[in-house]
Amino acid sequence: MSFGPPPSPFTQSTRTAQRRKLRRIRLWCAFTGFLAVLLGIGGWMMWPRGHSDSPANVRSAVLSPDGIRETVEKTPRSPEGQTGARWYEDGYKKYETHKAPGTWATAKIVARGIGTGTVTGVDARTGDKAWTFKLKGHLCATTQHVTNAGETAVVAQSEPAHMEDGAPALDGCDQVIFFDVDTGKRLWQVKLPRAQSASVFNTNVTMTRGTVAVAWGDGSAAFAMDHGQRLWASTGASACRDIGFAGGRALLALVNCEENGDATYRVQKIDPQTGKPKWTYRVSRGVKSVYLPSSEPPVLAVAAGDDKVTDLITLDDQGRHRATISMQDYYDPMCSRQEYGVIERCDALVVGREQLFVASKDTIEVDQASNWIISFDLATGKTGRKFEGRAASPIYPLRMSGDKLLAYRESSIDVGLSAVVSIDPTTAEQTPYLLFGLDTQTGPEVQDPSMADIVVEHGRVFLAPKEIEGDATDEDNLALAVLGMEPAK
């Protein structure tokens, strides 16, 4: 049986050459592919807007430098804490007080806003002043959000204004400033359109991925993070007005409408790039105030009858009602927007992916837990686990860290130590994250998160009073602006 003539030497050598050529092509492709990956990694490492070096922030920055940061904290080797950064604002007279809205932290810097018109960054380890930029007028609105690249936004007056009696006026809040927390560099500054009525009491600023959004009662506008160009605006007379936004993973708008002489509220999910609503949820008539503590998953805190929050309402991703959670007389999420237009922050309420966590009111029972945190299922509204404080040591939720809840526990009379603890929602186990004593002679007297910003970032805890007061016993006219705690060496 014949299978044809054997291949000629020419044919064999040709095939061998072809195989060698193919091998060289494959090796070259593999090398160029490896080089491309290497250059991609190197390019990311040299990304000019990234500042953080923690594994959690590395993951966030890879996803999107202009996305909103959700840092997952790494538990310190030892929960024993020591005083780190401590920074005093100078030039204060005895008992002189000023509002201090805004506290932001990175791996390097903790920054503070002072209502009278400055933003200052200090070294997160030493407390040495790193940078300061002065505003022409008062600071009007801040957001707690920081991007993965370490940037945030504020709203300020374009110039100092005064009333007839000489007291500072709190309107004219028309400047949006986007800045780098690590360096204090103003990345851009723009003027709000037709914002004459914008004041400290009605101006609200927030951020979602790639977008800074501002509302001031009579109008709203959004700006691109990368260059400050206006994306959209809503101004002028209308039956419905944007009075505030909630940012983070998504963008929600709180809309006030006049219907037959009555004020009603709507909540809309907004496309950040166009300003167009994706869905609308109509809040029941009779509700006096609405807060938006979470944009995704959507959660509303509503006050029916007065300004005290009576219910939490959870929605699905299409804006449909899921559950109503009554606060009764047991729980207090600590929602307030008396100044600085805050509608997305409730100091004793944290929303996770599937549950929310809210603090109870303090009890007066001796030898029992001062209060507790209770979890509620977002889908059903049913109660979950109970996380108790201690006697004379209340506990308050701060924020999520991955699937764990970080909470602040006040110092107790017998122990004398304040703490940030990490709580596992599935087991209710409380693990000390950082233990520290608070000397009220040298540190802020923090009784609950409504008195101070409590920021946990990159293994440190920063306590920053919301109102700075000149020390009555100090001769150098100083006022404590921020106290940092960090793991003991």
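Reply: Gladly. The model is predicted. In it, Val176 touches Val154, Val155, Trp188, Gln189, Val190, Leu192, Val212, Val214 and Phe223, leaving out residues up to four places away in sequence.

Me: Which residues touch the most other members of the largest nonpolar core?

Reply: That core has 23 residues. Strands that give two or more residues to this core include strand 8 (151-156), strand 9 (175-180) and strand 12 (211-215). The residues touching the most other members are Val155, Val176 and Val212.

Me: How many residues are in the other core, the one with Ala359 and Leu398?

Reply: This core lies apart from the largest one. Leu434 and Val456 are also among its members. Its count is 20 residues.

Me: Is the disulfide of Cys140 and Cys173 left-handed or right-handed?

Reply: The two sulfur atoms are 2.1 Å apart. Cys140 is in strand 7, and Cys173 is in the loop between strand 8 and strand 9. The torsion about the S-S bond is about -75°, so the disulfide is left-handed.

Me: Is Cys240 buried or partly exposed?

Reply: Cys240 forms a disulfide with Cys257. Buried means under 20% relative accessible area. Cys257 has 0%, so Cys257 is buried. Cys240 has 27%, so Cys240 is partly exposed.

Me: What pattern do the disulfides of the chain follow?

Reply: The count is 3 disulfides. One of them joins Cys335 to Cys346, with an S to S distance of 2.0 Å. With bonded cysteines counted along the chain, the pattern is 1-2, 3-4, 5-6.

Conventions:
Residues are numbered from 1 along each chain as its sequence is written. This is a predicted model: local features need pLDDT of at least 70, side-chain atom pairs count only at pLDDT 80 or more; totals for chains, interfaces and linings use all residues. Side-chain values use heavy atoms; hydrogens and water are left out. A nonpolar core is a set of buried Ala, Val, Leu, Ile, Met, Phe, Trp, Tyr and Cys residues joined through side-chain atoms within 4.5 Å. Buried means under 20% relative accessible area, exposed over 50%, partly exposed in between (1.4 Å probe, protein chains only). Helices (H or I, at least four residues) and strands (E, at least two) are DSSP runs, numbered from the N terminus. Contact means heavy atoms within 4.5 Å. A disulfide is a pair of cysteine sulfur atoms within 2.5 Å.
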